[in-house]
Amino acid sequence: MIRALCICGDAVLDFLLKNWMLVLTAAVSGFFLLWPQIKGKGGASSVGTVEAVRLINREKAVLIDVSEPEEFAKGHPNGARNVPFSRLEGAKELPSNKTVPLVVVCPTGARASRAVDLLRKAGYANVQSLAGGLKAWREANLPVEKTA
């Protein structure tokens, strides 16, 4: 019995050594699949365009665009409030009721995800970024407005 286990263990070790690239690729891909869970967000800090529109229409979510004023003027989701990322902390344009759902958007979604963390630290309970940013909003053919 012990001999059988040793032979089996040798076979497994032999397989791992011969296929180390395959094992390494599987381990790395598994790590990246689990990273959102490990990080503690579970991927729930961003929403797609359909969910964002549902939040806006049904739960009266406020759309916050964290783009700089020049970017905001070139195009932003219809009805979005411009609160540049650099002025986000303590901004008067943010809702005073911290339980109101917020959907944060920027041109690509990168700044928006960082803004979600800042807003949560500021006490906002229901904050999510728009996955894909303004680009995804435009690709979904949702209304975009420009300011002069």
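Guide: The buried residues of helix 3 are T49, A52 and L55. They share one side of helix 3, because the arc they cover around the axis is only 125 degrees. One caution: this is a predicted model.

Visitor: Which residues are exposed on the other side of helix 3?
Guide: V50, N57 and R58 are exposed there.

Visitor: What covers the buried residues of helix 3?
Guide: The cover includes strand 1 (46-47), strand 5 (102-105), strand 6 (127-130) and helix 6 (133-139).

Visitor: Let's take T49. Where is T49?
Guide: T49 is in helix 3, which spans residues 49-58.

Visitor: Why does T49 count as buried?
Guide: Because its relative accessibility is 16%, and buried means under 20%.

Visitor: Which residues does T49 touch?
Guide: Leaving out residues up to four places away in sequence, T49 touches L130, A136, W137, A140 and L142.

Visitor: And what follows helix 3?
Guide: K60 follows helix 3, and K60 has a positive phi, near 55 degrees.

Visitor: New topic. What is the strand order in the sheet?
Guide: The order is 1-6-5-2-4, in an open sheet of five strands with parallel pairing. Strand 1 and strand 4 stand at the edges with a single partner strand each, so one side of each has no neighbour in the sheet.

Visitor: Take strand 1, then. How many bridges join strand 1 to strand 6?
Guide: Two bridges, and the strands run parallel. V47 stands opposite L130 in strand 6. L130 is also among the residues that T49 touches.

Visitor: What about strand 2? Are its faces covered or open?
Guide: Both faces are covered. Strand 2 covers residues 62-65. V62 and I64 are buried on one side, L63 and D65 on the other.

Visitor: How many bridges join strand 2 to strand 5?
Guide: Four bridges, with the two strands running parallel. I64 stands opposite V104 in strand 5.

Visitor: And how many join strand 2 to strand 4?
Guide: Two bridges, again with the strands running parallel. Strand 4 is residues 81-82. The bridge partner of I64 in strand 4 is R81.

**Salt bridges**

Visitor: On to charges. How many salt bridges does a search of the whole structure find?
Guide: Five.

Visitor: Start with D14. What does D14 form a salt bridge with?
Guide: With K18, and the closest N and O atoms are 3.3 Å apart. D14 and K18 both lie in helix 1 (residues 2-18), four residues apart, which is about one turn of the helix.

Visitor: What about R111? Which residue does R111 form a salt bridge with?
Guide: With E71, the closest N and O atoms being 2.9 Å apart. R111 lies in helix 5 (residues 110-121) and E71 in helix 4 (residues 69-74), so the pair ties together parts that are 40 residues apart in sequence.

Visitor: Is R111 buried or exposed?
Guide: R111 is buried, with a relative accessible area of 18%. E71 is partly exposed, at 30%.

Visitor: And R87? What is its salt bridge partner?
Guide: E93, with the closest N and O atoms 3.6 Å apart. R87 is partly exposed at 45% relative accessibility. E93 is partly exposed as well, with a relative accessible area of 30%.

Visitor: Which residues are linked in a network of salt bridges?
Guide: E51, R54 and E59.

**A nonpolar patch**

Visitor: Last one. Which residues make the nonpolar surface patch?
Guide: W20, M21, L24, V28, F31, F32 and W35 make a patch of about 760 Å².

Visitor: Where is L24 found?
Guide: In helix 2, residues 20-39. L24 is partly exposed, with a relative accessible area of 45%.

Key. Residues numbered from 1 in each chain as written. Predicted model: local features only at pLDDT ≥ 70, side-chain atom pairs only at ≥ 80, totals over all residues. Heavy atoms only, no water. Buried < 20%, exposed > 50% of the residue type's maximum accessible area, 1.4 Å probe, protein only. Contact = heavy atoms within 4.5 Å. Arc of directions from axis to C-beta. Pairing = 2+ DSSP bridges. Patch = residues over 30% accessible without salt bridge, like charges linked within 9 Å, V, L, I, M, F, W, Y side chains within 5 Å. Areas by Shrake-Rupley, 256 points an atom, 1.4 Å probe, with all protein chains shown as cover. Salt bridge = Lys/Arg side-chain N within 4 Å of Asp/Glu carboxyl O.
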